[in-house]
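This report goes through one protein model, from the whole chain to single residues. Please keep the structure open while reading.

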Amino acid sequence: MAGGYGIMSSVCQSTAILLAGEGKRGLANSTYYVGLDLGMTLGPVIGGVLYGNIDLAFFYPFLLITVPIGAVVYFFGIKSAH
């Protein structure tokens with residue numbers, strides 16, 4: 001894990017830029033950072049809201065709901081990109 005976040009972040013960013021093509025690399029880079037920032041912001045916010053408002057026994061099951069929501073957002077994004 002010591003190497004696990006920095007390396008993956010760089011690999012994912014460079015892959016997004018390469019897949020975007022020659023004329024859309026700036027857009028791909030900015031979209032990557034917007035997604036990264038949203039994920040790093042919304043994750044703790046959602047976790048904090050859940051932690052403060054639900055029984056602790058239901059904390060992880062409620063967080064599990066965010067996985068399909070993220071998948072839906074991803075698939076709609078892919079669909080609109082094509």
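Of the 82 residues of the protein, 9% count as buried, where buried means under 20% relative accessible area, exposed means over 50%, and partly exposed is in between (1.4 Å probe, protein chains only). The model is predicted, and local features need pLDDT of at least 70, side-chain atom pairs count only at pLDDT 80 or more, and totals for chains, interfaces and linings use all residues. Residues are numbered from 1 along each chain as its sequence is written, and side-chain values use heavy atoms, with hydrogens and water left out.

The protein exposes about 6,600 Å², an area from the Shrake-Rupley method with a 1.4 Å probe, in which only the protein chains shown count as cover for residues. Carbon and sulfur atoms supply 74% of that area.

The protein has four helices and zero strands, in the order α-α-α-α along the sequence. Helices (H or I, at least four residues) and strands (E, at least two) are DSSP runs, numbered from the N terminus. The C-alpha trace spans about 50 × 35 × 15 Å along its principal axes. The radius of gyration of the protein is 16 Å, while a compact globule of 82 residues would have one near 12 Å. This radius is taken over C-alpha atoms, and the globule rule is 2.2 Å times the number of residues to the power 0.38.

Next comes the space between the atoms. Rolling a probe the size of a water molecule over the atoms shows where empty space is left. On a 1 Å grid over the protein atoms alone, a pocket is an open set of points with protein on both sides within 12 Å along at least five of seven lines, where a 1.4 Å probe fits; lining residues have an atom within 4 Å of a point. The largest pocket holds about 1,200 Å³ of space, a volume filled by probe spheres set on the points, which are joined across faces, edges and corners. Its lining has 26 residues, and Thr31, Gly35, Val73, Tyr74 and Gly77 lie nearest the centre. Helix H1 (6-20), H2 and helix H4 (66-81) each give two or more residues to this lining. H2 gives the most, with 11 residues. By class, the lining has 17 nonpolar, eight polar and one charged residues. Ala, Val, Leu, Ile, Met, Phe, Trp, Tyr, Cys and Pro count as nonpolar, Asp, Glu, Lys and Arg as charged, and the others, Gly among them, as polar.

Gln13, in helix H1, counts as buried because its relative accessible area is 17%. Leaving out residues up to four places away in sequence, Gln13 touches Asn29, Tyr32 and Tyr33. Phe59 is in helix H3 (residues 59-64) and is also buried, at 13%. With the same exclusion of residues up to four places away in sequence, Phe59 touches Gly47, Leu50, Tyr51 and Ile54.

Val49, in helix H2 (residues 25-53), is partly exposed because its relative accessible area is 47%. Gly48 also lies in helix H2 and is partly exposed at 43%. Val72, in helix H4, is partly exposed, with 43%.

The table lists C-alpha separations for some residue pairs.

| Pair | Apart in sequence | Apart in space |
|---|---|---|
| Val49 and Ile69 | 20 residues | 17 Å |
| Val72 and Gly48 | 24 residues | 23 Å |
| Phe59 and Ile69 | 10 residues | 16 Å |

How values were computed:
Contact means heavy atoms within 4.5 Å.
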